[in-house]
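Here is my note on the model you sent. Please keep the structure open while you read the points.

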Amino acid sequence: MKAVRHASTIPRHAPLSDRLINWASLYSPLSYLQMGMRAAGRAVESAAAGIRSAERPVKLCMRVLLGPVNRAQMGAAAVRRFLHRRRAAWHRARTMALMERIEAEAEACAAADPAAPVIAHFSVTARTDTITFCGLAMQLASWGLRLGGVRVANFVCTGGQGRCMGGHPSRLLEEPPCTGCRTISDRWFREGLRADFPASLRPAPDTDRPLEQALQVQHRGLPLGQLILPSLQWSLRRLHLVDDTATRRLAAHYLASARALIDPFEAFLDRVKPRAVLVFNGVFYAEATVRAVALARGIPVYSYEYGHLPNTLYFSDDLACDVAMRVPDDFRMTPDRDARMDRYLADRFAGGATMGSVRFFQEVRSLDPALIAKARSCRRVVSVFTNVAFDTSHIKANYLFPSMIAWAEAVAEEASRHPDVLFVIRAHPSEARRQKPTAEPVVDWLAAKGLLGANNIHVIRPDEFANSYELVGLSDLVLVYNSTVGVEALISGKPMLNAGLPKYRFEPFFHRFEDVGAYLEQLRADIDSPPTVDAETQARARRFMYYLYFETSLDFAPFLKHVTGASWLLRDDLQARDFDPAHCEETAILRRGLLGEGGFHYS
């Protein structure tokens, strides 16, 4: 199995031109000029702060002195940004040229056997007009499949989606960036086994339909209204949708696009006759629609998502965003695996938690001393780790409660029954993502319901840099919905109680309940007498986490580099043979899984 490696932005063997541009943008005299101007500005501002009580002429003099410094600093920053843009454009051009060369080699290899099995691929949510990690990594996987004797047929959006997924909620109704997206698609996906989904097929959206009616729409036996619901919640960053004009318009665009997808995708399936279909995520409305069409025909559908480690992808024969993980019975931890797990947990417990290659915090801080003192004065401490309420991982998790928020409400109400027990609600940090903030934070919802007024409830908001694992160590009981924090609590020797269907639902430490009453009864019993975590349970938890993180997340980092302003790019020294399943473990695993010859894991 490959270890995770991180390629340098400018490798040691890079051409001299790369080094010169890198030096010009990062280490040029302009950079030092900018730093010098900042230092001068701080010195002048410090002097100004010391004499702010002086007469007006002195203040005017200081403003005159500060003016040139600020203008020089702004000019240096503008030049630096220009150099970054030029460097990024140059790197993008090199990557696109390299991709065209590798694409030609892979296509020639695949064309050699017209009877080879076909895998149909469709992904419009993983990227638009920018080169994302997920989009680029899947292109690498496609080359590997073709070099391994599997033909890949791409169903490509060329404007058929009325509105794209993702982006800030304020820009969801803007026209999609079709020109830039189509430019990338035309260079990535060549003619042959390709079909387009053009804008000409998209019907006019019915923007006057009430939201409740829109969510009940069916077409040719497919529940399109329910298929678009997770996408509406994810795009609008809220679980409870509001029936306003903007939501109706967005729902109408999603419905029109989903309906328009069906006929061209069925024609595509008739033409290429795939062995299986591969889609991104499987829940977002475009991919969910084609998934439903393929499953109705009895065609296996696989999906993929960002892996649990940075720069990795996870593949599944179900929904990759919410899959029950089965660890093989013969899988054993070894000293090397234990050491690797220890290193990873040490980084994670120190604040290195990531999701989809996104690091939540650049720094973490210890818990508030006042909270620690309050915890020590209480009979018990119960920590409550919430999730993002609209996350696609909840598609199957809500077997007991209607939603994660409903569970949080029940726990907050239960806190009033135990005034001598401190309940610490830790909101998920992903609610405070800079570009995609949650419109309906869990703690705000609970506060509006009047459930956070009790003295024994303490809230840690999503934008607080508090160390969650320090909170676990402070707790007598850890409550989760379907979060892997529950498994990490067991590893730390702390008992946990889950309320949803998590990835670890087949592990012996998973709790299943017949109804909400049974869950609350168990919660009360655990508060009164917290169970102990024996060594066997801790070992099972470590085994599960290792398998989840290191065995099922396929590592594509060795092939890629990240350049500021240019997103993800290929390493300059790659050759087509680097992706051949005969030499690349990741593409060999992918080929094996998609052809039904094994699972998507290393061991």
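1. Burial overall. Of the protein's 603 residues, 53% count as buried. Keep in mind that this is a predicted model.

2. Secondary structure and contacts. The protein has 18 helices and 16 strands. Take the contacts between residues at least 6 apart in sequence: 76% of them join residues at least 24 apart.

3. Helix 5. This helix spans residues 178-188. Which of its residues are buried? They are Cys181, Ile184, Ser185 and Trp188. These residues lie on the same side of helix 5, because they cover an arc of only 100° around the axis. The general rule is that an α-helix has 3.6 residues a turn, so residues three or four places apart point the same way.

4. Helix 12 and helix 16, geometry. Two packed helices are described by the angle between their axes and the distance between the axes. Helix 12 covers residues 404-415, and helix 16 covers residues 516-528. Their axes come within 12 Å and cross at roughly 45°. Angles from 65 to 115 degrees count as roughly perpendicular and those under 35 as roughly parallel. Helix 12 and helix 16 are therefore oblique to each other. Their crossing is right-handed.

5. Helix 12 and helix 16, contacts. Which residues meet here? Helix 12 brings Trp407, Val411 and Glu414. Helix 16 meets them with Tyr519, Leu520, Leu523 and Arg524.

Conventions:
Residues are numbered from 1 along each chain as its sequence is written. This is a predicted model: local features need pLDDT of at least 70, side-chain atom pairs count only at pLDDT 80 or more; totals for chains, interfaces and linings use all residues. Side-chain values use heavy atoms; hydrogens and water are left out. Helices (H or I, at least four residues) and strands (E, at least two) are DSSP runs, numbered from the N terminus. Buried means under 20% relative accessible area, exposed over 50%, partly exposed in between (1.4 Å probe, protein chains only). Contact means heavy atoms within 4.5 Å. The arc is that of the directions from the helix axis to the C-beta atoms. Axes are lines fitted to C-alpha atoms, for helices over the stretch in contact, and angles run from 0 to 180 degrees between N-to-C directions. Angles under 35 degrees count as roughly parallel, over 145 as roughly antiparallel, 65 to 115 as roughly perpendicular and the rest as oblique. A crossing is left-handed if the near helix is turned anticlockwise from the far one by less than a right angle, and right-handed if clockwise.
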